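Please look over the two-chain model below together with this report. The headings follow the topics in turn.

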Amino acid sequence: MPVINWGLLMPELVIALTLLIVLVFDLFDSISKTVLGWMTIVGAGIALWVSIQMHQAGTVGTQFNEMFKVDNFSLFFNIIFLVSTILVALISMSYLDRNDRKQGPYYLLILLATLGMMLMAAGNELIIVFLGLELMSLSLYVLAGYFRDNPASSEAGMKYLLLGAFASAFFLYGIALIYGGAGTTSVPAIAEAITAENKSPLLLAGMFLLVVGFGFKVAIVPFHQWAPDVYEGAPTTIAAFISAGPKAAGFAAFLRIFMEALPNLQVEWGSVLIVLAMLTMTVGNVIAIAQTNIKRMLAYSSIAHAGYVLIGLAAANNDGISSAMLYLLVYCVMNIGAFGVVILAKTEDGESLMISDYAGLGLRKPLLAMFMTIMLLSLAGFPPTAGFVGKFYIFKSAVQAGHIWLVIIGAINTAISAFYYLRVVVTMYMREPEEELSFMSYPSTLVVGLVLAAIGVLLIGILPSLMLTPAQNSVF
Amino acid sequence: MLLSIVIFLPLLGVIAIALLRGLGASAVKGIALVIGLLTFVISLGLYTGFDATTATFQNVTQEEWIPGLGTKYHIGIDGISLWLVLLTTFLTPVCILAAWNSVEKGLSGFMMSLLALETGMLGVFCALDLFLFFVFWESMLIPMYFLIGIWGGERRIYATVKFVLYTMAGSALMLVGILALYFQNNNSFDFTTLSGPFEHSHLLFLAFFIAFAIKVPLFPFHTWLPDAHVEAPTAGSVILAGVLLKMGTYGIVRFCLPLFPDAAVQFTPLIVTLAVIGIIYGALVAMVQPDLKKLVAYSSVSHLGFVVLGLFSQDPRGIQGSVLQMINHGLSTGALFLLVGMIYERRHSRMIVDFGGLAKRMPIFATIFMIVTLSSIGLPGLNGFVGEFMILAGSFVTDAFSKWYVVFAATGVILAAVYMLWMFQRVMFGTLDKTNEELPDLNAREVVVMLPLLLFIFWIGVYPKPFLSKMEKSVGLVVTQVQQTEPAMGRAEKRMLQDAQLVLQETQRAQREDIEKEAETK
């Protein structure tokens, strides 16, 4: 009978317990359904607090035959996931109310997806990573198609499911080939099995398939085609969610497997990642310029941001890992914030999804426009926002690794991206609205979510050490 | 501590205005002006406490900021940045006062942008940490972007986006340069510990120089400037011409010259050629402009060409002249933009053809305009003369480049007289158009705006010594840093070459003697 150290599993247990409570309470019709949202927030909040405590204590340990590994790396990613979940839950409440949707399954699926992400970050075994990936993905497929009667949403769900299933198949095939080459699926054991002499073609093929699988999940060019359609069709809150936590989870497993299991193949995957990073940034940013729909624009921008994170991965040094982690945290906060404004900027006769709908927002809704501006400036990487620090740190790690050209392309991309982010700001502040639109009142939960995101973005921007030091302490 | 107060006091004003939004227009203006004036008064303390006998940085504050990134909050000033700090704190309240009645919408936003801009610019001039420098350099873009984009003219959006994208494209390269320097500086962004020679110094020099050249703007990077100037509101134009462009020339004298002297010397012919082209091209284009603001904008391209010429002269007089000319240009061109703004507010036109004979109707305006015009041309006794003369004199005696450059550059002075005086003649003399008969002369507020500028225009023109003496040591340090490496090597090489030639001559002579001896013995 193996001894189970429950303390190590605390964040995951809290989330599992919360989702059970949500499941049970959803059965009672007499309970106001917004309570479920608050339960999600409280549950994720407790898990977040526990994760932070464990991170500060520097908890390390493995569980279940070393299949499950808790260290500062997985705990830092837990913080990213839980922050995303809390923010998404905050911006979801009024959105669901407004669209008159069932709330129980929604929060349940979000919590399940969160649990899947945490498993991915803590997986010390390819099979566990795959389990987490599927738990997360299946929940997301349903969430993307959550507005059943909306054709766009159903289409998004279907598309995501089909392409996601392909990606999972690639991923599983990659695991199989690596097992064939290394004789094990345990992360540390694979690292031991791969030596400079033993680089069998099986391993290389498996590695490339893993890149493809992860590439789909985190939307790297050329595996990104699903992202704009899914973001556009899915409920806006879910688009925010998909662009944040799951992307971070994909990168968590990406980092864990490539840095810890396949470090001896770094020569091979390093150059692949450099090419992918260049492609991803450039394609994402250039296509984003042509978008007129703000959700599609944010979709392409999120593709570009995956490219920036890849710079950190390609650097493959300690700073590269921690800069990727810091950037993912920052990116989650600012991206959910931007989507939050998209939700808030809804008019009486529908969501305003065209960028041109934002004309004149700066004068009519100064507070909302200010939030959007902060988020967009951070996405564009202007100081003194968190986006700047994150990007700077990533570039620094790449220069350290000698990837000067990658950094130059990344920096030029930053200038390109400024064009389309600033275009939204231009529309908000410098153009007159074509027709008078009436706006909804501010739902308090959404505003709380936005304020938290804005404070986070500015605080990390001005005092980066708050999150930088933890990120630097989280390299496995 | 004093310096930090000067830098961040305007930001405090931004927060105050943001919190007191409901107070109404006059309160917002009042807060902005008080903060602006207070910042200027406090910054005078930097001047009085400045020790001109040393080239080291003064008023230094050094605090841990982001140890994980290797950056510090490290600020300080020397004799060069002192003047740019004072210019910034001086021009900002002038701009606030100038914009007193001209902002119709979003007044609080306007004042907030102006004050935030001041913090950004001051930070650029004071930062002694490359990361901090870059933070200020980039963050100053946002308020300027809003100033042009919201309160600008008809094509403001095109102009503001062009301005931001040009600057960002340049700073993208500078960012790479900064990171590359970091790893050659024992993993530190500290400017004061940077000492060359650096690896790939030519590439690093270009990475920095292109970013600064775009800002200056040096020909052929200047195309954003006329657009931005014409579309910007008056206060924006004044700050843009007065201070923002100086960030480029400041960057050259602070980073490009001392850090990469060998590359600076090698690129000097190219850069000086571009500067001279800019001087003449800017002047010629200014001459044919029908729009007053565009004329002043192109004259900036010409004037900034002089500054760049002086900076690369490797001569203490030339560089001092350049630094002084940065201030002069800020005062004169700032004043010109203010005057153009004043006439635009009355007539809602900036076209030269719409005016004529204004001198009769607006004598005070005409007088002030005349003084500023002459200062911009460089009339002896006014500030522009001192700067341009020192630049030309320094450039003439230097070995850094051929005297022909100076000859061509000097034609810029003549051309300046042509386009400025011709413009003045067409606007002020001739027949007064009927539509202009009702134009009121300057009011008391506008005269108050102009008087301090005129004071300094005369002061620097008549007695520039207090200005020059404070910057002498710092400029001298830059000159020695530039001359230490490459020219010294060049000299050594020359000496070696001469030695080799002597040896050769000696051996040839010996051979010849041998041959002669042989012939004799035969």
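The report below goes from the basis of the model to the chain contact, the charged pairs, selected residues and the backbone.

## Basis of the model

This is a predicted model, in which local features need pLDDT of at least 70 and side-chain atom pairs count only at pLDDT 80 or more, while totals for chains, interfaces and linings use all residues. Residues are numbered from 1 along each chain as its sequence is written, chains are lettered from A and ligands numbered from 1 in the order in which they are written, and side-chain values use heavy atoms, with hydrogens and water left out.

## Contact between the chains

Chain A and chain B bury about 3000 Å² between them, with 83% of that area on carbon and sulfur atoms; buried area is the accessible area (1.4 Å probe) that two parts lose on being put together, summed over both. On the side of chain A, the residues A:Phe392, A:Lys396 and A:Met430 supply 23% of the area buried against chain B, more than any other three residues.

The contact draws 33 residues from chain A and 33 residues from chain B, where contact means heavy atoms within 4.5 Å. Between chain A and chain B the count of salt bridges is zero, a salt bridge being a side-chain nitrogen of Lys or Arg within 4 Å of a carboxyl oxygen of Asp or Glu.

## Salt bridges within the chains

Over all chains, the whole structure holds 14 salt bridges. One of them joins the side chains of A:Lys69 and A:Glu260 at 3.1 Å, N to O. A:Lys69 lies in strand β2 (residues 68-70) and A:Glu260 in helix α11 (residues 245-261) of chain A, so this pair ties together parts that are 191 residues apart in sequence; helices (H or I, at least four residues) and strands (E, at least two) are DSSP runs, numbered from the N terminus. A:Lys69 counts as buried at 18% relative accessibility, given that buried means under 20% relative accessible area, exposed over 50%, and partly exposed in between (1.4 Å probe, protein chains only).

In chain B, B:Arg509 takes part in a salt bridge with B:Glu506, where the closest N and O atoms are 2.6 Å apart, and in another with B:Glu513 at 3.0 Å, N to O. B:Glu506 and B:Arg509 both lie in helix α20 (residues 486-521), three residues apart, which is about one turn of the helix, and B:Glu513 and B:Arg509 are four residues apart in helix α20, again about one turn. The three side chains are partly exposed, with relative accessible areas of 44% for B:Glu506, 38% for B:Arg509 and 36% for B:Glu513. Salt bridges that share partners also join A:Glu155, A:Lys159, A:Asp229, A:Glu232 and A:Arg296 into one network.

B:Asp441, in the loop between α17 (403-428) and α18 (444-462) of chain B, is buried yet has no salt bridge, and the nearest side chain of opposite charge, that of B:Arg346, is 5.9 Å away. Not counting residues up to four places away in sequence, B:Asp441 touches B:Arg346, B:Met362, B:Pro363, B:Ile364 and B:Phe365.

A:Asn413 is found in helix α18 (residues 404-430) of chain A and is buried, with a relative accessible area of 2%. Leaving aside neighbours within four places in sequence, A:Asn413 is in contact with A:Met281, A:Thr282, A:Asn285 and A:Tyr308.

## Backbone features

Most residues other than glycine have a negative phi, and most peptide bonds are trans. A cis peptide bond joins A:Val221 and A:Pro222, with omega about 10 degrees, and A:Pro222 lies in the loop between α8 (201-218) and α9 (226-233) of chain A. The peptide bond from A:Pro383 to A:Pro384 is also cis, with omega near 0 degrees, and A:Pro384 sits in the loop between α16 (366-380) and α17 (386-400) of chain A.

A:Asn65, in the loop between β1 (61-63) and β2 of chain A, has a positive phi near 55 degrees although not a glycine, and counts as exposed at 75% relative accessibility. B:Gln314, in the loop between α12 (292-311) and α13 (316-347) of chain B, has a positive phi of about 55 degrees, but counts as buried at 12% relative accessibility.

Key. Lys, Arg positive; Asp, Glu negative; His and termini not counted.
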